Amino acid sequence: MPTRAPEGRKLTILLASPRGFCAGVDRAIQIVQRALERFGRPVYVRHEIVHNRHVVEELERQGAIFVEELDEIPGQFPVVFSAHGVPKSVPAEAEDRKLLYLDATCPLVSKVHREAEVHYAAGRHIVLIGHAGHPEVIGTVGQLPMGAVTLVETIADADVVTFQDPTRLAYITQTTLSIDDTIGIIEVLRRRFPTIHGPRKEDICYATTNRQSAVKSIAERCDLMLVIGAPNSSNSRRLVEVAKSCGCPSAHLVQRADEIDWNWLEAVETVGVTAGASAPELLVQQVIDELKRRFEVTIEEVSVTVETTHFKLPRALTA
Ligand code: SF4
């Protein structure tokens, strides 16, 4: 049923599905909440547990304290490592300081860490396809000794990168990249280094893949795409790029409804709405409520798949 708005202008919302929280984000948030229940306040969290201010503020309200490094923790308090993963030096430092730590690294990121270790043990140099400075990349590089990993960010990088022994290489990828861009980079690496080892496809996770597919399925029908997510959320930023490259003339990343510039909707008849893997559904619903206040809205949910992935919590919290 269309919802009446004061101005009565019609707007169709195409709601992408899947969108929002993935199993890794859900698990990471639960780890902090269970740790608070079990150990009491405060529980420290190294780095934003997931890249979303709303989630961080909600956990702060419940008693979590966010820090960037372990030396900011003033005593013997439990600490949770974020979903993005951490270099090996971080748990080592926690052990040295005898801190109780819980690792909320997404199991799909841990899988990439193990791939890197296996290739390294086989004598291969690792090519990591990812974005410099992202915590997941820092964590993955930090699984191996200095110099064992070379970061490749773009096709241009892949075109010029050189190695001491180009016959002993393996590639791995960040989990939250654009599928199409990554395929392009892998093609260049395979062409230049035909013996390079790698996963069957890439390491982009199911949640990133599904959210990009859902955006692709509606992009051409939309005049505007609103992606709800944080500016430092890799998978959210990729959704904006995917929308534009798949035929949507305009796409914007917004953290909340109050970041929407209503001029964007001036000549819009159909708006796509999606959310990155770290954005709660509550924020999506607030955007929809705001659209309903201003337009006569019809909502069509477009689903490309149903997700059933679920990750177990660490044993320390369930025993
Ligand atoms: S986006 Fe993918 S890799 Fe990242 S937490 Fe979610 S499921 Fe794990």
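Author: In this predicted model, Arg 191 has a relative accessibility of 56%. The label "exposed" requires over 50%, so Arg 191 counts as exposed.

Reader: What makes the contact between Asp 159 and Arg 191 a salt bridge?

Author: The side chains of Asp 159 and Arg 191 meet at 3.5 Å, N to O. The criterion asks for a nitrogen of Lys or Arg within 4 Å of a carboxyl oxygen of Asp or Glu, and therefore the pair qualifies. Asp 159 belongs to helix H6 (residues 155-160) and Arg 191 to helix H7 (residues 179-192), so that distant parts of the chain, 32 residues apart, are linked.

Reader: Is Asp 159 exposed or partly exposed?

Author: Asp 159 is partly exposed, because its relative accessibility is 37%, and that class lies between 20% and 50%.

Reader: Which parts of the chain does the salt bridge of Glu 281 and Arg 19 tie together?

Author: The two side chains meet at 2.9 Å, N to O, and the cut-off is 4 Å. Glu 281 lies in helix H10 (residues 281-294), whereas Arg 19 lies in the loop between strand E1 (10-17) and helix H1 (23-39), so the bridge ties together parts that are 262 residues apart in sequence.

Reader: How do the accessibility classes of Glu 281 and Arg 19 follow from their values?

Author: Arg 19 has a relative accessible area of 16%; buried means under 20%, so Arg 19 is buried. Glu 281, with 33%, falls between 20% and 50% and is therefore partly exposed.

Reader: Why is the contact of Glu 259 with Arg 256 called a salt bridge, and which class do these residues belong to?

Author: The distance is 3.8 Å, N to O; because the limit is 4 Å, the pair is counted as a salt bridge. Glu 259, at 31% relative accessibility, is partly exposed, and Arg 256, at 35%, is partly exposed. Elsewhere, salt bridges that share partners join Arg 19, Glu 281 and Glu 301 into one network. The structure holds 18 salt bridges.

Reader: How many aromatic pairs are there, and what makes the pair of Phe 81 and Tyr 101 stacked?

Author: There are 3 aromatic pairs. In the pair of Phe 81 and Tyr 101 the ring centres are 5.1 Å apart and the planes make an angle of 20°. Pairing requires centres within 6.5 Å, and stacking requires planes under 30 degrees apart; the pair is therefore stacked. Phe 81 is in strand E4 (residues 79-81) and Tyr 101 in strand E5 (residues 101-103), so parts that are 20 residues apart in sequence are tied together. Phe 81 is buried at 0% relative accessibility, while Tyr 101 is partly exposed at 28%.

Reader: Why is the pair of Phe 163 and Phe 193 described as edge-to-face?

Author: The planes of Phe 163 and Phe 193 are at 70°, with 5.3 Å centre to centre. Because an angle over 60 degrees counts as edge-to-face, the description applies to this pair. Phe 163 lies in the loop between H6 and strand E8 (169-173), and Phe 193 in the loop between H7 and helix H8 (206-219), so the pair ties together parts that are 30 residues apart in sequence. Phe 163, at 14% relative accessibility, is buried, and Phe 193, at 6%, is buried.

Reader: What are the classes of the residues in the shell around the ligand?

Author: The shell has 8 nonpolar, 3 polar and no charged residues. Among its members are Cys 22, Leu 108, Thr 175 and Tyr 206. H1 and helix H4 (107-121) each supply at least two residues of the shell. The ligand itself sits in the largest cavity.

Key. Residues are numbered from 1 along each chain as its sequence is written. This is a predicted model: local features need pLDDT of at least 70, side-chain atom pairs count only at pLDDT 80 or more; totals for chains, interfaces and linings use all residues. Side-chain values use heavy atoms; hydrogens and water are left out. Helices (H or I, at least four residues) and strands (E, at least two) are DSSP runs, numbered from the N terminus. Buried means under 20% relative accessible area, exposed over 50%, partly exposed in between (1.4 Å probe, protein chains only). A residue is near a molecule or strand if one of its heavy atoms lies within 4 Å of it. On a 1 Å grid over the protein atoms alone, a cavity is a set of points where a 1.4 Å probe fits but cannot get out, and a pocket is an open set with protein on both sides within 12 Å along at least five of seven lines; lining residues have an atom within 4 Å of a point. A molecule sits in a cavity or pocket if more than half of its atoms lie within 2 Å of its grid points. Ala, Val, Leu, Ile, Met, Phe, Trp, Tyr, Cys and Pro count as nonpolar, Asp, Glu, Lys and Arg as charged, and the others, Gly among them, as polar. Rings of Phe, Tyr and Trp (its six-membered ring) pair if their centres lie within 6.5 Å; planes under 30 degrees apart count as stacked, over 60 as edge-to-face and the rest as tilted.
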